[in-house]
Amino acid sequence: MKAEIIAVGSELLTPDRVDTNSLFLTAQLNRLGIEVRRKTVVGDELDALRDAFGDAMERVELVISSGGLGPTEDDRTREAVADLLGRKLQRDPAVMRQIEARFRQLERPMSEVNARQALVPEGAAVLENARGTAPGL
């Protein structure tokens with residue numbers, strides 16, 4: 001199987017940040033026998049994100065994204081992917097429960113802006129990461 005990694009975030013296009021997530025993901029994918037064919041770093045612009053995901057989907061069977069899924073307005077990965085797929089965003093109750101549980105564990109109040117992280121494209125399968133603490137698409 002062939003894969004591409006898309007690292008999202010305008011901060012990654014500056015000399016101040018290094019994309020270490022893609023290195024980690026590449027190592028993990030290679031361990032599974034998955035060949036990473038390309039890595040792309042893209043800023044937080046909706047059109048650029050949509051183009052990056054669309055292009056990658058034409059080339060490989062597996063596209064993995066890192067970044068752009070936070071609670072703030074500049075985190076636009078979910079919107080770009082939903083638009084590309086012609087799907088609406090909907091709140092995933094299981095993801096919302098994970099987010100709420102994380103804030104309880106940290107003994108911190110959760111602001112409403114964090115609920116954006118529970119929005120996923122219709123029909124998306126949401127998986128837990130290896131530690132089971134954060135949602136991912």
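These legends walk through a predicted model of one protein chain, view by view.

**About the model.** Residues are numbered from 1 along each chain as its sequence is written, and side-chain values use heavy atoms, with hydrogens and water left out. Because the model is predicted, local features need pLDDT of at least 70 and side-chain atom pairs count only at pLDDT 80 or more, while totals for chains, interfaces and linings use all residues.

**View 1. The whole chain.** Let us start with the overall layout: the protein chain has four helices and seven strands (DSSP runs numbered from the N terminus, with helices being H or I of at least four residues and strands E of at least two). Along the sequence they follow the pattern β-α-β-α-β-α-β-α-β-β-β. The chain is as compact as a globular protein of its length, because its radius of gyration of 15 Å is close to the 14 Å that the globule rule gives for 137 residues (the radius is taken over C-alpha atoms, and the rule is 2.2 Å times the number of residues to the power 0.38). Along the principal axes, the C-alpha atoms fill a box of roughly 40 × 35 × 30 Å. Buried residues make up 33% of the 137 residues; buried means under 20% relative accessible area, exposed over 50%, and partly exposed in between (1.4 Å probe, protein chains only).

View 2. Leaving aside neighbours within four places in sequence, F53 is in contact with I6, V63, S65, T77, V81 and L84 (contact means heavy atoms within 4.5 Å).

View 3. Helix α1 (residues 20-31) has twelve residues and reaches 17 Å from its first C-alpha to its last, close to the 16 Å expected at 1.5 Å a residue (the expected span is 1.5 Å times one less than the number of residues). Its residues S22, T26 and L29 are buried. They lie on the same side of α1 because they cover an arc of only 70° around the axis, an arc of the directions from the helix axis to the C-beta atoms. The buried residues of α1 pack against β1, β2 (35-42) and β3 (62-66). On the face turned away from that buried side are the exposed residues L23, F24 and R31.

**View 4. The two ends of α1.** At the start of the helix, a side-chain oxygen of D19 comes to within 3.4 Å of the backbone nitrogen of N21. Just after α1, G33 takes a positive phi of about 85°.

**View 5. D47 in α2.** Look for D47 in helix α2. Its side chain is joined to that of R50 by a polar contact of 2.8 Å (a pair of N or O atoms within 3.5 Å; within protein, one must be able to donate a hydrogen and the other to accept it, and residues adjacent in sequence count only if both atoms are side-chain atoms).

View 6. E107 has a positive phi of about 55° although it is not a glycine. E107 counts as exposed because its relative accessibility is 74%, and E112 counts as exposed at 56%.
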